[in-house]
Amino acid sequence: MAASYGNSEGPRGDEDIADGQRTASIGCDDFGLFQDVLKRLRTIDDRVINALNTSLPTDSFRAKVSSEQQCKDFYEQLHKAHSQRETVIKKCVTDVSAIVEGLRVKRQNDSNNNVELTRQLRKEQNKLRQMQQELHIEEVVQDRSLKVFYERCRLIYVPPTFRLS
């Protein structure tokens with residue numbers, strides 16, 4: 001049985017969102033809600049040092065616990081969380097990009113120079129920029145977590161697809 005390294009809030013925590021069933025239904029309309037969801041999904045990255053420290057045995061207990069299996073399980077959970085978050089962010093960037101493009105076309109075709117349409121376009125463009133920034137933030141978060149993982153597990157387990165920036 002694999003250890004759980006995520007949030008222990010139960011069905012309202014990471015597990016509910018990160019299990020893949022709800023990632024497709026995360027709305028991109030409200031950027032604040034979008035950030036809250038990402039924050040919950042990043043719990044495993046926020047606690048990477050603590051999770052590795054508590055799951056990897058000290059020298060005196062190495063015979064009782066499989067360090068390789070612990071590192072492997074943790075990496076799989078970390079990789080799954082990274083993939084899911086990246087998918088969510090890219091989906092929202094794509095969705096908001098389509099909205100921005102639609103508003104641009106409407107504005108170009110609008111002969112009345114509708115101020116409300118221009119305001120809505122700017123609002124959506126701002127949201128798009130913020131979501132694109134989240135992709136850069138995600139890259140930094142992933143790199144940090146993978147470096148910590150590598151430092152703690154490099155002599156025990158190296159995943160076949162491991163890449164360290």
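Buried means under 20% relative accessible area. By that cut-off R85, at 0% relative accessibility, counts as buried in this predicted model. The report starts from the overall chain, then turns to the nonpolar cores and the charged side chains.

**Chain overview**

The protein chain holds 6 helices and 0 strands, which gives the pattern α-α-α-α-α-α when read along the sequence. It has 165 residues, and 39% of them count as buried. Among contacts between residues at least 6 apart in sequence, 73% join residues at least 24 apart.

**Nonpolar cores**

The largest nonpolar core has 18 residues, of which F34, V96 and M131 touch the most other members. Two or more residues of this core come from each of helix 2 (31-41), helix 5 (67-109) and helix 6 (115-153). Helix 5 gives the largest share, 7 residues. Leaving aside residues up to four places away in sequence, M131 touches C28, F31, F34, I89, C92, V93 and V96. Another core, of 15 residues, lies apart from the largest one and has C71, Y75, L146 and V148 among its members.

**Salt bridges**

Side chains of opposite charge can pair when their charged atoms come close. The search of the whole structure finds 10 salt bridges. The table lists some of them.

| Pair | N to O distance |
|---|---|
| D45 and R85 | 2.7 Å |
| E138 and R85 | 2.7 Å |
| E86 and K90 | 3.3 Å |

The side chain of R85 meets that of D45 in a salt bridge. Since D45 lies in helix 3 (residues 43-46) and R85 in helix 5, this pair ties together parts that are 40 residues apart in sequence. D45 is buried, with a relative accessible area of 0%.

R85 also meets E138 in a salt bridge. E138 belongs to helix 6 and R85 to helix 5, so this pair ties together parts that are 53 residues apart in sequence. E138 counts as buried at 1% relative accessibility.

The salt bridge between E86 and K90 is set within helix 5, where the two residues are 4 residues apart, about one turn of the helix. E86 is partly exposed, with a relative accessible area of 27%, and K90 is partly exposed at 43%. Salt bridges that share partners join R42, D45, R85, E134 and E138 into one network.

**Surroundings of H82**

H82 is placed in helix 5. Its relative accessibility is 5%, so H82 counts as buried. Not counting residues up to four places away in sequence, H82 touches D45, E138, Q142, S145 and L146. Of these contacts, D45 and E138 belong to the salt-bridge network, and L146 is a member of the core of 15 residues.

**Summary of the links**

R85, in helix 5, is paired with D45 of helix 3 and with E138 of helix 6. E86 and K90 both lie in helix 5 as well.

Definitions and conventions:
Residues numbered from 1 in each chain as written. Predicted model: local features only at pLDDT ≥ 70, side-chain atom pairs only at ≥ 80, totals over all residues. Heavy atoms only, no water. Core = buried A, V, L, I, M, F, W, Y, C linked by side-chain atoms within 4.5 Å. Buried < 20%, exposed > 50% of the residue type's maximum accessible area, 1.4 Å probe, protein only. Contact = heavy atoms within 4.5 Å. Salt bridge = Lys/Arg side-chain N within 4 Å of Asp/Glu carboxyl O.
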